[in-house]
Structures are given as C-alpha cells and as structure tokens.
Amino acid sequence: MSGQVDGASGRQWSGSGRFAASDSCSGSGRPLGSLRTVWREAALEVFKEATFRSPVQVAALADAEGRLGCQLPAELRQLLMESNGIIGRSTVGTVWPVEKIVEQNLLFRSDSSLAELYMPFGALLFFGDNGGGDQFAFVRTPQRPDIFVWEHETDSRRWVAGDLRDYLGRSLAKGGDDWYQ
C-alpha cells in the first residue's frame with residue numbers, strides 16, 4: 001500500500017490500513033489536524049449528561065476502515081479518537097462505538113433479507129440510532145458532510161443535519177429521541 005494517497009490529508013502515506021482519497025466513505029477530506037472541534041465539549045454544551053467511552057486506538061480505526069473498505073469521515077474519526085461513541089438521552093447510541101459502526105454497516109450491506117425489504121444501503125455509512133430502529137448515516141455517494149436518517153418503518157432516507165456537529169447539537173438537545181420527526 002506504500003505510495004497511496006491518504007484520503008483524509010491528501011498526502012502520500014507509507015503505512016498500512018489506509019485508503020486512497022477515492023475510497024473515502026464520506027467527509028470533508030480535510031486533514032484531521034485542521035479540525036478544531038473538540039467533540040466531548042460540543043456534546044456537553046448541549047447535553048450535560050452525555051456519556052463517553054474510552055478513545056478508540058488508531059489501529060482499531062485502521063482495522064475498521066479495512067473491513068469497511070473505505071475511510072471513515074474525518075470528523076467521525078476525530079470524534080472516535082476522543083470517545084469511542086457517545087451515549088445520549090435515554091441511553092441512546094447517539095454515536096456508536098467503532099465496532100458497532102462496522103458490524104451494522106456490514107450487516108446492512110450483506111443481509112439478503114434486508115435487501116428484499118429495503119432499498120440498497122451502500123450509499124450510506126450508519127453511525128448512530130434513536131433507540132427505536134431509525135438510524136443516522138453519512139452519505140457515502142456522493143460524498144458530503146450531511147447526516148441523513150433512515151426510518152426503518154418506511155425505508156425513507158431524509159436530511160436531518162448539515163454535518164456531525166450540527167447532528168450532535170440537534171440530537172442531544174431537549175426534545176427526546178424523536179427530535180428529527
């Protein structure tokens with residue numbers, strides 16, 4: 001893999017477990033170092049009772065990206081390196097741990113029974129839920145920072161936030177786990 005371009009920074013990268021810019025799941029394409037948002041602080045500004053997990057290790061992120069076949073969006077990578085998920089109101093997985101992100105996305109892309117019931121999920125990268133079956137996702141194709149909700153009862157997919165920070169602000173604010181309705 002030596003000599004490929006790092007999709008998050010645009011630099012040549014000689015390590016393993018990384019993908020070229022064209023293999024990005026979504027996101028801004030900005031270097032992680034240029035992202036100034038502190039995700040724990042952003043969540044706590046809105047919901048003081050938000051809880052956090054231990055940060056994910058870089059090797060676990062590389063493994064996750066390898067299993068998914070693409071890089072995670074830069075903002076999601078940074079959040080996971082601060083906290084491997086955020087638990088919001090009513091113990092909802094506002095942002096899942098990296099293991100669940102991989103598990104759910106692989107399931108939704110490969111389960112034949114889901115393929116019979118729903119439109120394809122390949123354009124989405126799920127990363128959180130509302131606790132009742134609806135899930136939140138970045139759009140992989142075309143790449144954009146927006147967050148969409150997939151409503152499992154109707155298979156509808158619609159815009160709910162402009163980016164990850166906006167999503168945290170909306171999903172953790174007062175109003176409950178159906179904030180996007």
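Is Gln 135 buried or exposed? With a relative accessibility of 8%, Gln 135 counts as buried, where buried means under 20% relative accessible area, exposed means over 50%, and partly exposed is in between (1.4 Å probe, protein chains only).

## What you're looking at

This is a predicted model, so local features need pLDDT of at least 70 and side-chain atom pairs count only at pLDDT 80 or more, while totals for chains, interfaces and linings use all residues. Residues are numbered from 1 along each chain as its sequence is written, and side-chain values use heavy atoms, with hydrogens and water left out.

The chain has six helices and nine strands. Both kinds are DSSP runs numbered from the N terminus: helices are H or I with at least four residues, strands are E with at least two. Of the 181 residues in the chain, 48% are buried. A contact here means heavy atoms within 4.5 Å. Take the contacts between residues at least 6 apart in sequence: 54% of them join residues at least 24 apart.

## Back to Gln 135

You'll find Gln 135 in strand β7. Leaving out residues up to four places away in sequence, Gln 135 touches Trp 96, Gln 104, Phe 108, Phe 126, Gly 128, Asp 129, Phe 148, Val 149 and Trp 150. Keep Gln 104 and Phe 108 in mind for the next stop.

## Helix α4 and its cover

Helix α4 has 13 residues. From its first C-alpha to its last it reaches 18 Å, close to the 18 Å expected at 1.5 Å a residue; the expected span is 1.5 Å times one less than the number of residues.

Which residues of α4 are buried? They are Val 98, Ile 101, Val 102, Gln 104, Asn 105 and Phe 108. Their cover includes α2 (58–68), α3 (74–82), α5 (112–117), β6, β7 and β8 (144–151).

## Rings that pair up

There are 15 aromatic pairs in the structure. Rings of Phe, Tyr and Trp (its six-membered ring) pair if their centres lie within 6.5 Å; planes under 30 degrees apart count as stacked, over 60 as edge-to-face and the rest as tilted. Phe 108 and Phe 126 have ring centres 5.1 Å apart and planes at 55°, so this pair is tilted. The pair links distant parts of the chain, with Phe 108 in helix α4 (residues 98–110) and Phe 126 in strand β6 (residues 124–129), 18 residues apart. Phe 108 counts as buried at 11% relative accessibility, and Phe 126 counts as buried at 1%.

Another pair is Phe 127 with Phe 138: the ring centres are 5.0 Å apart and the planes sit at 40°, so this one is tilted too. Phe 127 is in strand β6 and Phe 138 is in strand β7 (residues 135–139), eleven residues apart, and the pair links distant parts of the chain. Both Phe 127 and Phe 138 are buried. Ring pairs also tie Phe 127, Phe 136, Phe 138, Tyr 167, Trp 179 and Tyr 180 into a cluster.

## Empty space inside

Rolling a probe the size of a water molecule over the atoms shows where empty space is left. How many cavities of 30 Å³ or more does the structure hold? It holds three. On a 1 Å grid over the protein atoms alone, a cavity is a set of points where a 1.4 Å probe fits but cannot get out, and lining residues have an atom within 4 Å of a point. Grid points are joined across faces, edges and corners, and a volume is the space filled by probe spheres set on the points.

The largest cavity has about 70 Å³ of space. Its lining includes Phe 136, Tyr 167 and Trp 179, which are also members of the ring cluster.

The peptide bond from Thr 141 to Pro 142 is cis, with omega near -5°, and Pro 142 sits in the loop between β7 and β8.

Ser 90 isn't a glycine, yet its phi is positive, near 55°. Ser 90 lies in the loop between β4 (86–87) and β5 (93–95), and Ser 90 is exposed, with a relative accessible area of 59%. Asp 155 has a positive phi as well, near 60°. Asp 155 is in the loop between β8 and β9 (156–161), and at 11% relative accessibility Asp 155 counts as buried.

Notes:
On a 1 Å grid over the protein atoms alone, a cavity is a set of points where a 1.4 Å probe fits but cannot get out, and a pocket is an open set with protein on both sides within 12 Å along at least five of seven lines; lining residues have an atom within 4 Å of a point.
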